[in-house]
Amino acid sequence: MLCMPDFGTSSMADETGNDSQMFEGNEIVDPGNEAAHGDEAVQGGELVEVDELAQGDELAQGEDLTQGDELLQGNEMAITEVATPPTTRRRRKKSLVWEHFTIEDAAGGATRACCKLCKQTFAYSSGSKIAGTSHLKRHITLGSCPKIKGQGHKLAITIGTDNDGDGTVERRSKRRYRYTGYANAAFDQDRSYSYLAKMIILHDYPLHIVQQPAFTAFIDSLQPRFRVVDVDAMEVEVYAVYQKEKENLLQAFSAMPGRISLTIGLWTTSQTLGYVSVSGQFIDSEWKLHRRMLSFMMVSSPHSDNALSEAISSSLTDWGMKEKLFTITLDNDSLSHDIYSANLRDQLSGKNNLMLKGQLFVVRCYAHILDAAAQDVIALIHGVIYSIRESIKFIKASPSREEKFAEIALQLEIPSTKTLCLDVTTQWNTTYLMLLAALDYRQAFITLETVDDNYNEAPSAEDWKKIEAACNYLRLLYDSAHSIMAAGNPTSNIFFHEAWKLQLELGNGSAHEDPIFSSIAKDMYERFDKYWKDCNLVLAVAVVMDPRFKMKLVEFSYSKIYGVEAAKYVKVVNDSVHDLFKDYVAQPLPLTPAYAEQGKTDNATANGNNTQATQPSTGDGLQDFDIYLSEIATTQPSKSELEQYLDESLTPRIQEFDILNWWKLNMQKYPTLSKMARDILAIPVSMVTGGTSIFSAGTGCHVLDDYRSSLRPEIVEALVCAKDWLPNSTAAPEAPGSGLLKMD
């Protein structure tokens, strides 16, 4: 028999079908008996949920109750099979649980509910029997779903009020879901200060944001108990974050197995002072490449070699790496490179044992030379570039002009899909793309000049040839820059490929039969040839450490560049590689604590092997043979690791090749050579490797804004360095699920 509840003007207890339910605020808490659904049960006191109040055809009791489908009996819900009249429309599911579940067909005509988050399925119906939704709600509200549980949240279903939260309900209210995860977590003022300091550091907010009325009002709306501090206290907190991250980085450096290479950046301010930034690049024990800011030091004259030497020495001492310096990379102009190199080499060689007598010590930034060469081209045709900019401005000035230009391009059947747009003058790649697009629409510009008397900025035929020549050589720089960007964190071996191709193309371009092409190429070649002479040795030594090329690519490329004189240049590279390897054999780095025990074990193993090799014969009558083996072992020296490496066949060239992983796997085979490879591959040939900044690397010295310039030098250093360290910090988040910072 089907019992139908009375939907009249009964009390709230009667409507909900459970006298033991109580209201707490605007939530209903059922501390009563367990509600059974099939073979599942939930303790009422553990479930925080309220459904819509039933009016007319619905009844709320911890789940939706549908007339003809479910039966109310005391504190239990019984599922009964009731014949329902056939209908073509399926009853709309009103429970909000269906926001989290979908219905899927199962075998035998049954259906199952599938959680959208964890994809777990639950029984819902078998034929005409409906299992209800309470077990589905429990899966969501009690955190049984692993996806919700992993986020530390519990989902509660609450009932809304319609008269300003007085707890009474005058008409049916819509349910809503709310997360209750850390609502009752203890408030920690110090931790909040730390997160606020990290937010300021990571997003370059001014320290005085803590005193801005809008910010304080926002914080008060989130947590009235948070005591907003003043600027001085915020400086202290920022410096504390800096000190903590520096200690973590010091620990990482203490286990660094190889040497470190530095990049030096120069910063000016609106005052007479400047700053020198020192970053270190290295490969860790897992053969992963890292670059970290080491110092950001105020100096009286950042462009002097004495200031650079002072900043480098101070930074190395501060980080305990005086004996681990390998190379330094500068972004200075080529005219002063020789002076910088000689002075820095002299000043630092007495404090550091430079490898290969300092021949690889000072490296010039590759991105800087690309930018400088591009700027040379732009300067040569600046008048033509002005005409193109004005032409594009004219077309973009009104929709009618754009339509007219598009019609002309259509009539001329110009196949280009490029878009005409103005360049960003500080980024040479945008200037190249603007000229390239304009070149495709050359005939359209010429035609526009004949049909529109207001347009008088069309380039001449000679101007178009200059644009064609400029694009021809800018393309070389553009493609090279993109190859570096594609590498992500490029190791030094990839730069030789780019540099030798540019050197060859620009050299050939200087002899071009067209004077316009040759004049542009000559200016670029003059600048790049100076870079090639300064840096081709370090680039070549780096590519020798690539098992896909070794000395073979050096031999091939030098034959293209130098012709019959290639052999002597190849010999320079070969001798340098061998001399550098001898340095590593004769002057190994002191082992870090993590590697000291490994070194003792390796030595013991080697000694054990030697002992075994000289042991007397076991009585097999071959004593004379043992003596013969000992003699040839001393008279015929075995190949060194380097010779063995160079003599082996090249590793196949595959696109996914990981050079660092290759050396990691071959450390045991080449114990000394792998140390040399680790240091060489970590040389930062380019100070800029990613983003659009690679196209504006040489636009001048970095400028510190007026606000940063007004801060105390130690706070400026804390802000700059901590911003670099925090995204790479290995420290665990202070609060689970906080989501404020993502620590890698």
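Q: Is Phe445 buried or exposed?
A: Keep in mind that this is a predicted model. Buried means under 20% relative accessible area. Phe445 comes out at 0%, so Phe445 counts as buried. Trp464 has a relative accessible area of 2%, so Trp464 is buried as well.

Q: How do I read a pair of rings?
A: A pair of aromatic rings is described by the distance of the centres and the angle of the planes. The count here comes to 33 aromatic pairs. Take Phe445 and Trp464: their ring centres are 6.0 Å apart and the planes meet at 35°, so this pair is tilted. Phe445 belongs to helix H13 (residues 442-451) and Trp464 to helix H14 (residues 461-486), so the pair links distant parts of the chain, 19 residues apart.

Q: What about Phe496 and Tyr558?
A: With centres 6.3 Å apart and planes at 50°, that pair is tilted. Phe496 sits in helix H15 (residues 495-509) and Tyr558 in helix H17 (residues 550-562), so the pair ties together parts 62 residues apart in sequence. Both Phe496 and Tyr558 are buried.

Q: Which residues do ring pairs link into a cluster?
A: Look for Tyr239, Tyr242, Phe253, Phe282, Trp319 and Trp725.

Q: Where do charges sit over rings?
A: One case is Lys550, whose charged end is over the ring of Tyr645, 4.5 Å from its centre. Arg401 lies over the face of Phe394, 3.9 Å from the ring centre.

Q: Which residues form a nonpolar patch on the surface?
A: Leu622, Phe625, Tyr628 and Leu629 do, with about 390 Å² of accessible area together. Tyr628, in helix H20 (residues 623-635), counts as partly exposed at 46% relative accessibility.

Definitions and conventions:
Residues numbered from 1 in each chain as written. Predicted model: local features only at pLDDT ≥ 70, side-chain atom pairs only at ≥ 80, totals over all residues. Heavy atoms only, no water. Patch = residues over 30% accessible without salt bridge, like charges linked within 9 Å, V, L, I, M, F, W, Y side chains within 5 Å. Areas by Shrake-Rupley, 256 points an atom, 1.4 Å probe, with all protein chains shown as cover. Salt bridge = Lys/Arg side-chain N within 4 Å of Asp/Glu carboxyl O. Helix = DSSP H or I, 4+ residues; strand = E, 2+ residues; numbered from the N terminus. Buried < 20%, exposed > 50% of the residue type's maximum accessible area, 1.4 Å probe, protein only. Phe/Tyr/Trp six-rings, centres within 6.5 Å; stacked < 30°, edge-to-face > 60°. Lys NZ or Arg CZ within 6 Å of the ring centre and 35° of its normal.
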